[in-house]
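These are my notebook entries on a structure I looked through chain by chain. I began with surfaces and overall form, and then went to single residues.

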Amino acid sequence: MDKPPLALDQNFSGASEDFPALLRRKGMLQIAPEPTAATGTHPFVQTESTTILAFKFAGGVLVAGDRRATAGNTVVYDRADKVLEIDRHSIMAIAGVPATAWEMARVLEHSLQYFRRTQLQEMSVDGKVRALSKLLRDNFGFVMQGVGVVVPIFATYDGNSKPEARLYFYDAMGAQFEVTDYAATGSGSPAVRGILYYENNWGAKKLQELGEEEAVAIALRALDTAAEADTSTGGVDRGGKIFPLIKIVSREGITTLPDEKIAGVFKQKVA
Amino acid sequence: MIEEPYRWVEAIANRREYIETQLAAGSPIAAVGYRDGILFVTLGRARQKIFEIYDRIAMGAIGHPGDIERLRLAAIELASTEGFTRSAADVSLRRLAHYSLSPVMKSAFEQVYGAPFLARLLFAEIGSSPKEDLFLRIDYDGAIAADGLTGQPRQRFAVLGGTRQSAELMEKFLQKEHVTAAALPDAINVAFDAWSVGRMAMGEDATKELPKRDAIRKYRDEQLANAGMEAAVLERDRKSAIRYRTLADEEVRSALQK
């Protein structure tokens, strides 16, 4: 038997390896196992109990999420952060099982930084989008077992691409869908999609033409509407003064809107 | 033959001499603390010599590009996995240098049948206050130095030179000229002056004494006109966890005084 020729990258441990592969080599990250007879396969259940939304407006991409975390029909937490910064120009918003989703965001965040540091260049938008897709695919074993489903939205801004603002949503298997105007996932998303579709077609302005304040008002109205019918969506807690988390990504980077600002818009245009 | 202790010592001495010759032509690197952080500068040809290792850690290196690359990747890998499994706050330059890089470099250097690392590394880690900043050098034999060559403890700058003389003169210059509370443009000037001193102390017509101020500036401007520059900062108060930032060419050139 002839030995196969030595592949070039066998001589290098780091250069061609992505961060999840490095973690797996060190035993720090496992691919979710496919269901076995013992674990059983469960019918696919929609357990992403939350509402997250994102749309492009004049000032970039707005990403918003409610703050409620539920277990079954119990509210366990009312200050959950579901809109997470991945790098200077990328936001991942998560609907799904928090343990898996936050870990996935952590892996993704480290992956992009690891790539920039080792390769001495930023990862392309397509590369980032694909990296998240691979993480979702690696997690699909847990989805099949009825645990660990994650359905994220990914928003990023790239000064070198056309259009500059890019927005994607995913399914639980890792398929990515780029959208031109808006995306919403989670249990409260049907209502939100209805609102955004309506606003974009028959509203006073198209979503992409909205100013920041108008965009925030629509995001708040949409989340409030979702919470009206969906028990798993927190909407706005008027008594506790807990507002949705809203982040905006633009050419300058990411800004998190302070509560006072959201409260101001809420008081004027929503309540 | 290497089993005999005397031969081993001789082999190590030869190896040291060989590596020193290889490193002697390396363009110096200066790292200086300033009001808002730590600045790294060097001048050279196309190859990058200043790198981001982790959120608060930067590295400068001279030596063989292949060896620098292996050490750089190892440092990033270690810091990234530590930062991922624990937290960014648990990534420490002191542990990275003492427990990981230094032992590996030492054993590569002393195993005379294998190849040593042809590299000299300069690290800096930015803390939450200037008192917590750390400058650290690791030599090709694994020796770690946190203080200056001339024995000054806790100085807020560090240098890397191809030769001892070059590094010592740079330190001497910085001891005189470096101001901890300087703004970034002033720090850029001092750092490039220090680089020039280090460069003037190399080669055949090397200076042994600190050159005069005019001579330094004249030499610096000649070099800046011809060579590519490289500068990066670790900034203390940034909103982002990532403190490393490469300075653009225009930002550096506009700060340089005539």
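Entry on chain B. I looked up the surface first: chain B exposes about 12000 Å², and carbon and sulfur atoms supply 52% of it (Shrake-Rupley method with a 1.4 Å probe; for residues, only the protein chains shown count as cover). I note at once that this is a predicted model, in which local features need pLDDT of at least 70 and side-chain atom pairs count only at pLDDT 80 or more, while totals for chains, interfaces and linings use all residues. For my own bookkeeping, residues are numbered from 1 along each chain as its sequence is written, chains are lettered from A and ligands numbered from 1 in the order in which they are written, and side-chain values use heavy atoms, with hydrogens and water left out.

I then took the secondary structure of chain B, which comes to seven helices and 10 strands (DSSP runs numbered from the N terminus, with helices being H or I of at least four residues and strands E of at least two). The radius of gyration of chain B is 18 Å, which agrees with the value near 18 Å that a compact globule of 258 residues would have (taken over C-alpha atoms, the rule being 2.2 Å times the number of residues to the power 0.38). I found that the C-alpha atoms of chain B fill a box of roughly 60 × 50 × 35 Å along the principal axes.

Of the 258 residues of chain B, 53% count as buried (under 20% relative accessible area, with exposed meaning over 50% and partly exposed in between, for a 1.4 Å probe and protein chains only). Among the contacts in chain B with a separation of 6 or more, 65% are between residues 24 or more positions apart (contact means heavy atoms within 4.5 Å). I also looked up the charges: chain B has 36 positive and 37 negative ones, and their mean positions are 3 Å apart (Lys and Arg count as positive, Asp and Glu as negative, and His and the chain ends are not counted; the places are NZ of Lys, CZ of Arg, CG of Asp or CD of Glu).

Entry on chain A. I recorded seven helices and 12 strands in chain A. With 271 residues, a compact globule would have a radius of gyration near 18 Å, and the 20 Å of chain A agrees with that. The box filled by the C-alpha atoms of chain A is roughly 75 × 50 × 30 Å, again taken along the principal axes. I noted that 49% of the 271 residues count as buried, and that the accessible surface of chain A comes to about 13300 Å², of which 54% belongs to carbon and sulfur atoms. Residues 24 or more positions apart account for 64% of the contacts in chain A with a separation of 6 or more. Chain A has 30 positive and 33 negative side chains, with the centres of the two sets 2 Å apart.

Entry on aromatic rings. I counted seven aromatic pairs over all chains (rings of Phe, Tyr and Trp, the last by its six-membered ring, pair if their centres lie within 6.5 Å; planes under 30 degrees apart count as stacked, over 60 as edge-to-face and the rest as tilted). The pair I followed is edge-to-face, because the rings of A:Phe19 and B:Phe84 have their planes at 80 degrees, with centres 5.8 Å apart. This pair crosses between chains, from helix H1 (residues 19–25) of chain A to helix H2 (residues 65–85) of chain B. A:Phe19 counts as buried at 1% relative accessibility, and B:Phe84 likewise counts as buried at 4%.

Entry on backbone details in chain A. I found that the peptide bond from A:Lys162 to A:Pro163 is cis, with omega near -5 degrees, and that A:Pro163 is in the loop between strand S7 (150–157) and strand S8 (165–170). A:Leu120, although not a glycine, has a positive phi of about 60 degrees; this residue is in the loop between helix H2 (98–119) and helix H3 (125–138), and is partly exposed, with a relative accessible area of 37%.

Entry on A:Val83. This residue is in strand S5 (residues 83–87) and is buried, with a relative accessible area of 2%. Leaving aside neighbours within four places in sequence, I listed contacts of A:Val83 including A:Val63, A:Ile91 and A:Leu245.
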